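Student: I've got a model loaded and want to talk it through. Can we go over it together, bit by bit?

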Amino acid sequence: MIFRFRMLSDENDNFVRDFEVESSNTLLDLHDFIIKMLRYDQCMASFFTADDRWERLQEYTYMDMDGGMGDGGNGMPQPMATARLEDVLTHLHDRLIYIFDPFTQRAYYIELIEGKEPEKGMEYPRLQFAHAQAPDQYDPDENEESGSIFDEMMGEYSDFDGDDNYDDEY
C-alpha cells in the first residue's frame with residue numbers, strides 16, 4: 001500500500017508538500033525522506049500522532065528513550081525505527097506532527113490524504129507536489145515567504161484602491 005501525505009507549516013502558509021511513501025516504511029524512513037526532501041541537516045526530531053484538533057498523542061523519537069523497551073508503553077516515547085507507518089496510521093486523515101526542532105518546538109503538520117496501490121514502475125518515497133520554499137531549518141526569521149496563498153494569488157489586485165469620485169449611495 002502507498003500512503004499519500006500532505007505536509008503544511010505554521011511558519012509559512014504558502015508551504016505545501018504532497019508526497020508518497022510505502023506504508024511498510026518506518027517513521028525513521030519517513031524522517032530521513034523529509035530531511036532529504038527539505039534539504040535539512042540531520043537532526044534530533046520527533047513525530048507525534050495527533051487528533052483531529054492537532055493535539056499531540058503518542059510520541060515517536062529519533063533515539064530510543066525508554067532503555068530498549070521500544071514499545072512506547074507507560075507513556076514513554078517509542079523509537080521511530082520500530083514504528084511502521086501502517087501500524088501508526090490506520091485511517092484516512094490520520095495526522096502526524098513532525099517536530100524538527102525540539103528546543104523551539106518548530107514543526108510540520110502531516111495528514112494522510114490517500115491510500116492506494118503502488119503504480120507500476122514508480123519508485124517510493126517520492127515527492128508529488130511542492131509549493132513555496134521550506135522554512136529555514138535553523139532560523140525561523142529567515143522565512144522570506146510569509147502570508148498565505150490567498151495573499152499571493154490576490155497580490156495583483158493590491159494596487160486597486162477604487163475611485164473615490166463615486167458615491168456608494170445610489
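Student: Let's start with Arg-39: is Arg-39 buried or exposed?
Tutor: Take the cut-offs first: buried means under 20% relative accessible area, exposed over 50%, and partly exposed in between (1.4 Å probe, protein chains only). Arg-39 has 77% relative accessibility, so the label is exposed. Before we go on, this is a predicted model, where local features need pLDDT of at least 70 and side-chain atom pairs count only at pLDDT 80 or more, while totals for chains, interfaces and linings use all residues. Residues are numbered from 1 along each chain as its sequence is written, and side-chain values use heavy atoms, with hydrogens and water left out. Back to your pick: Arg-39, at 77%, is exposed.

Student: Where does Arg-39 lie, and what is its phi?
Tutor: Helices (H or I, at least four residues) and strands (E, at least two) are DSSP runs, numbered from the N terminus. On that numbering, Arg-39 lies in the loop between α1 and β3. Arg-39 isn't a glycine, yet its phi is positive, near 60°.

Student: What is the strand order of the open sheet?
Tutor: Two strands pair if DSSP finds at least two bridges between them. The open sheet has eight strands with mixed pairing, and its edge strands, each pairing on one side only, are β5 (78–79) and β8 (126–131). Written out, the order is β5-β4-β3-β6-β7-β1-β2-β8.

Student: What angle does helix α1 make with β2?
Tutor: Helix α1 (residues 27–38) packs on the sheet, touching strands that include β1 (2–9), β2 (16–22) and β7 (106–116); contact means heavy atoms within 4.5 Å. Axes are lines fitted to C-alpha atoms, for helices over the stretch in contact, and angles run from 0 to 180 degrees between N-to-C directions. For α1 and β2 that gives about 140°.

Student: Which residue in β6 stands opposite Thr-49?
Tutor: β3 (residues 46–50) and β6 (residues 95–101) pair in the antiparallel sense, over five bridges. Thr-49 stands opposite Leu-96.

Student: And which residue in β4 is the bridge partner of Phe-48?
Tutor: β3 and β4 are also antiparallel, with four bridges. Their hairpin has five residues between the strands, and Trp-54 there takes a positive phi near 65°. The partner of Phe-48 is Glu-59.

Student: How many bridges join β4 to β5?
Tutor: Here the strands run parallel. The number of bridges is two.

Student: Is Ser-23 buried or exposed?
Tutor: Ser-23 sits in the loop between β2 and α1. Leaving out residues up to four places away in sequence, Ser-23 touches Met-1, Phe-3, Arg-84, Leu-85 and Glu-86. With a relative accessible area of 4%, Ser-23 is buried.

Student: How far apart in space are Ser-23 and Val-88?
Tutor: In sequence they're 65 residues apart. C-alpha to C-alpha, the distance is 9.7 Å.

Student: Where does Gln-105 lie, and what is its relative accessible area?
Tutor: Gln-105 lies in the loop between β6 and β7. Gln-105 is another non-glycine with a positive phi, near 65°. It counts as partly exposed because its relative accessible area is 37%.

Student: Last one: which peptide bond is cis?
Tutor: Look in the loop between β7 and β8, where you'll find Pro-125. Omega is near 0° for the bond from Tyr-124 to Pro-125.
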